[in-house]
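Please keep the sequence and the model at hand while reading.

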Amino acid sequence: MNVTEAMHARKSIRNFLDTPVADAVIQELLTKAARAASGGNLQPWRIYIINGEVTSRFVQLIESKAERETPMYSVYPPKLKEPYRSSRYKLAEDMYALLGIPREDKPARLAHVARNFRFFDAPAAFFCFVDKIMGPPQWSDLGMFLQSFMLLAQEAGLDTCAQEAWANWPQTVAEFVGAPDELMLFCGMAIGHANPDAPVNDLFSEREPFEHWATFVT
Ligand SMILES: Cc1cc2nc3c(=O)[nH]c(=O)nc-3n(C[C@H](O)[C@H](O)[C@H](O)COP(=O)(O)O)c2cc1C
């Protein structure tokens with residue numbers, strides 16, 4: 001699989017099989033992903049991996065909690081303007097259409113969102129933290145690292161879903177993984193094998209045409 005093929009093949013998977021993933025494979029992929037570029041070579045990603053029984057234990061802990069926590073950052077700007085708002089809306093509507101959940105069925109939609117908090121049943125995951133002193137340039141470095149990981153996972157026959165949903169559980173995640181106070185949680189990453197029979201995994205998110213976001217300056 002070359003880079004172009006990996007770029008086309010990667011997509012967010014929201015229903016995983018329980019097929020295990022070896023720690024050694026995750027370690028190898030993360031090590032390769034750490035070749036990602038970062039400004040000043042700061043390599044600001046700080047990663048905590050959970051796998052197998054540890055994932056089950058963590059999911060149980062989350063499910064035992066009554067209320068979500070206060071996020072340490074806003075996942076989206078408070079008033080998302082166009083065209084971003086429509087893009088987000090379209091993704092959600094396409095996803096719920098595949099799941100067969102109509103707009104009025106709020107409980108079913110919320111139940112799907114809650115599946116984030118069991119990593120969509122993936123057996124393995126990691127959490128990506130960053131030092132609280134870091135700013136937007138270093139946060140963008142996290143993105144390069146995460147995308148590199150997802151492409152490498154694709155090459156290795158594994159599927160992924162990056163998850164900002166975990167921003168709702170900053171304290172519980174930090175305590176569980178033993179992250180020091182100086183770090184803050186950015187996102188999770190579910191890792192496993194896609195369930196080929198789950199319609200939600202057929203979602204192929206659209207992209208804006210080139211002319212909408214790029215300009216050749218003349
Ligand atoms: C940093 C990051 C966080 C994300 N968080 C979530 C999440 O919490 N839950 C989810 O279902 N998808 C999440 N996604 C997946 C996006 O919705 C997805 O990447 C986007 O719709 C494009 O679709 P694709 O990944 O299938 O190409 C996240 C993606 C990124 C890059």
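The sections below cover ring pairs, a ring cluster and a nonpolar surface patch.

## Aromatic pairs

The model is predicted. It holds 17 aromatic pairs. One of them is formed by F58 and F127, with 5.4 Å centre to centre and 70 degrees between the planes, an edge-to-face arrangement. F58 belongs to helix α3 (residues 53-63) and F127 to strand β2 (residues 124-131), so this pair ties together parts that are 69 residues apart in sequence. F58 is buried, with a relative accessible area of 0%. F127 is likewise buried, also with a relative accessible area of 0%.

The rings of F117 and W166 also pair: their centres are 5.3 Å apart and their planes lie at 80 degrees, so the pair is edge-to-face. F117 sits in the loop between α5 (106-114) and β2, and W166 in the loop between β3 (159-163) and α7 (170-177), so the pair ties together parts that are 49 residues apart in sequence. Both F117 and W166 are buried.

## Ring cluster

Which residues do ring pairs link into a cluster? The cluster is made up of F58, F117, F119, F127, W166, W169 and F176.

## Nonpolar surface patch

F210, W213 and F216 make a nonpolar surface patch of about 430 Å². F216 is found in the segment after α8 (210-213). Is F216 buried or exposed? F216 has 68% relative accessibility and therefore counts as exposed, since the cut-off for exposed is over 50%.

Key: Residues numbered from 1 in each chain as written. Predicted model: local features only at pLDDT ≥ 70, side-chain atom pairs only at ≥ 80, totals over all residues. Heavy atoms only, no water. Patch = residues over 30% accessible without salt bridge, like charges linked within 9 Å, V, L, I, M, F, W, Y side chains within 5 Å. Areas by Shrake-Rupley, 256 points an atom, 1.4 Å probe, with all protein chains shown as cover. Salt bridge = Lys/Arg side-chain N within 4 Å of Asp/Glu carboxyl O. Helix = DSSP H or I, 4+ residues; strand = E, 2+ residues; numbered from the N terminus. Buried < 20%, exposed > 50% of the residue type's maximum accessible area, 1.4 Å probe, protein only. Phe/Tyr/Trp six-rings, centres within 6.5 Å; stacked < 30°, edge-to-face > 60°.
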